[in-house]
Structures are given as C-alpha cells and as structure tokens.
Amino acid sequence: MIEARHLRVLRAVATTGSFSAAGRELGCTQPAVSQQMKALESSVGTPLLVRSGREMRLTQAGEALVRHASGILAGLTAAEEEVAAIAGLRAGRVRLVSFPSGSSALVPAALAALRAAHPGTRVSLEEAEPPRSVELLREGDCDVALAFRYEGATSAEAAAEWDDLVVRPLLRDRLVALVPERHRLARTGSVAIGDLAGEPWIAGCPRCRGQLVEVCESAGFAPRIDFATDDYPAVVALVGAGLGVAVLPQLAVESVRPRGARTVTLEPAVRREIVALTLPDLAQVPAVAATLDELERAAARLLPPPS
C-alpha cells in the first residue's frame, strides 16, 4: 500500500536532492524522512534511491513513482475535498496562484465575493508568472492558476501548452503604450509601435519582454531596452521619471496610478488572453468551481469577456 505522505516525502527528496533538505522543506527531521523512505521502499518491494557518499539519485523505479506522484496527490486532494463537501462539511480550501497584475486588479474582488457567499472556504494566494504558475498547478502545488498568453501564438508548443488542463477564459487584456506626460506623443489618440522605434524602453516580465521584442521586430526595429523589471509600479515610475517608454497590459495600468505618465492606445491592437486554469479532477471540487465562477464574474466587471 503506497501512502500519500510517503509520496510527498519522495517528491521532496527528488526535488531537493537530500534527506536533510527534504526535511527542512517538509518541516520534519532528517531521520523522519529516512524512516518514511524506508517504509515506502518496503511497500513497493524495490529500492527507490541509490546513495553514494553525499550524492543521492533515483532508481528507475523511483523515477517512475515520482513521475506519477503529482497526479496521484492532486487526485487525492480532489477526492478529499469533494467527499468533504458531499458529507455536508460546507468547507473548502483553494490554493490560488496569480501573476501580479491579476493579483491586484482581478483577485481581490473575486475573493471578497467568494468569502461573502462561502465563508467556510479558505483561499491562499501566491504570486508567480506563467509558465511557472502553470508548472505549480501540474506539480500539485496549487489548485487554480491565473495565467496569460499573447494572441497570435502559432507554434505547436504554444497551442498545446494548456491542452491537459481545464481552461476558464476570463478576459482579453489589450496592451497600451505608456509615455512620459511631456512626451511628444502624450496627447495623441493612438500610436503605432513603430512611432516609438527610437525611444529607450522599459520592459516588464520575461514573457511580456519577449512579446515586446516580437511586436517591435514585426514593425521593423529592435527595441533598445534600458531597464527591465517584473514590478509594474516600477515600470510606471520609470516612465513617469522620463527614462523611457513602455508597453503594458491595460490590467497592469488599472492597478497602478500612473503619475507623470500617460497611456496611449496602441494600434494595431495587441492583446493577451487571461484565463483561470485547473486540473480536470480539481474542477469537480465545489470550492475550486466556486473560485472559478467568482474570478469569471470579477473579470466581466473589469473588461469585456473573450468572445
């Protein structure tokens, strides 16, 4: 009989590379990790780890078990939550991961509505940009992930990146140009990306940075990126100080007061698709389903939903 707690220990050992590091991650002692690994090896009837000095590596059987562990643990979580709801406990737990502009502009209204409707449901929030947020979902470390991708992605990898997940479309978030308030284009109704070709640029998160380079290259120039930061308020502040221009999602600008900077419509339109993701098993959990519903309602109040 393979126990879930043993699988969690095995996954921690495989991730950290040692019993002591796994113990620190799990909040237990190194001997306790060692005992649980021995119990798991006894249960499966074959060694799962090979120890050589200070090094430790998985056997073929260990690799196979780790490969299945995340799905098994996610399935167990789904089963426990659904059974608890059916039994009438009226309780739930949802682990939500969101990118920063989603955390500030979308998540608060959704969680406030969720708490009002279901006071027994507990929600935790962590921040991570995609693709890391999606990895956390697949690894069983969260229940719902807010993620985004830019429209027009044509590669097979981009098309298939969410194929194994339940996808709840939330909104399409248009990119806007951000320029200093005394910039020559600050009073214009709209700009083309090529109008900003000679400007110094402030870039955002790695995925947004890659999109910026793609859009600029399609307009025939390579942007000169003087500053790069994952912090949207920092991007706005740098533009407001006259240090460059930026292209930001509208959702990010909504969450920051752009002092010293002005937003200008970007033409042709470039948008990113914002979605809530979960695993098929977890989508059946009442607390997770309610969280998805409230995120969708909050998104509808912010921007027009995807067509």
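Which residues does Val 66 touch, not counting residues up to four places away in sequence?

Good morning, colleagues. The structure is a predicted model, in which local features need pLDDT of at least 70 and side-chain atom pairs count only at pLDDT 80 or more, while totals for chains, interfaces and linings use all residues. Residues are numbered from 1 along each chain as its sequence is written, and side-chain values use heavy atoms, with hydrogens and water left out.

To return to the opening question, Val 66 touches Leu 10, Ala 14 and Leu 58, where contact means heavy atoms within 4.5 Å. Val 66 belongs to helix α4, residues 60-86.

Let me turn to the overall picture. The protein contains 12 helices and 12 strands; these are DSSP runs numbered from the N terminus, with helices being H or I of at least four residues and strands being E of at least two. The C-alpha trace spans about 70 × 50 × 35 Å along its principal axes. Of the contacts with a separation of 6 or more, 71% are between residues 24 or more positions apart.

Of the 307 residues, 45% are buried. Here buried means under 20% relative accessible area, exposed means over 50%, and partly exposed lies in between, with a 1.4 Å probe and protein chains only. The accessible surface comes to about 15300 Å², and carbon and sulfur atoms account for 51% of that surface. These areas come from the Shrake-Rupley method with a 1.4 Å probe; for residues, only the protein chains shown count as cover.

Helix α6, residues 107-117, deserves a moment of attention. Val 107, Ala 110 and Leu 114 are buried in this helix. Viewed down the axis of α6, the buried residues fall within an arc of 70 degrees, so they line one face of the helix; the arc is that of the directions from the helix axis to the C-beta atoms. In general, an α-helix has 3.6 residues a turn, so residues three or four places apart point the same way. On the face of α6 turned away from the buried side are the exposed residues Arg 115 and Ala 116. The cover over the buried residues of α6 includes β3 (92-98), α5 (100-105), β4 (121-127), β5 (144-150) and α12 (286-302).

Another joins Glu 267 and Pro 268, with omega about -5 degrees; Pro 268 is in the loop between β11 (261-267) and β12 (271-278). As background, most peptide bonds are trans.

Finally, I would draw attention to three further loop residues.

Is Val 285 buried or exposed? Val 285 is buried, at a relative accessible area of 2%, and is found in the loop between β12 and α12. Leaving aside neighbours within four places in sequence, Val 285 is in contact with Ala 78 and Glu 81. From Val 285 to Ala 78 the C-alpha distance is 6.0 Å, while the two are 207 residues apart in sequence.

Pro 47 lies in the loop between α3 (30-44) and β1 (49-52) and counts as exposed, at 51% relative accessibility. Beyond residues up to four places away in sequence, Pro 47 touches Glu 41, Thr 59 and Ala 61.

Pro 258, in the loop between α11 (250-254) and β11, is partly exposed, with a relative accessible area of 28%. Thank you for your attention.
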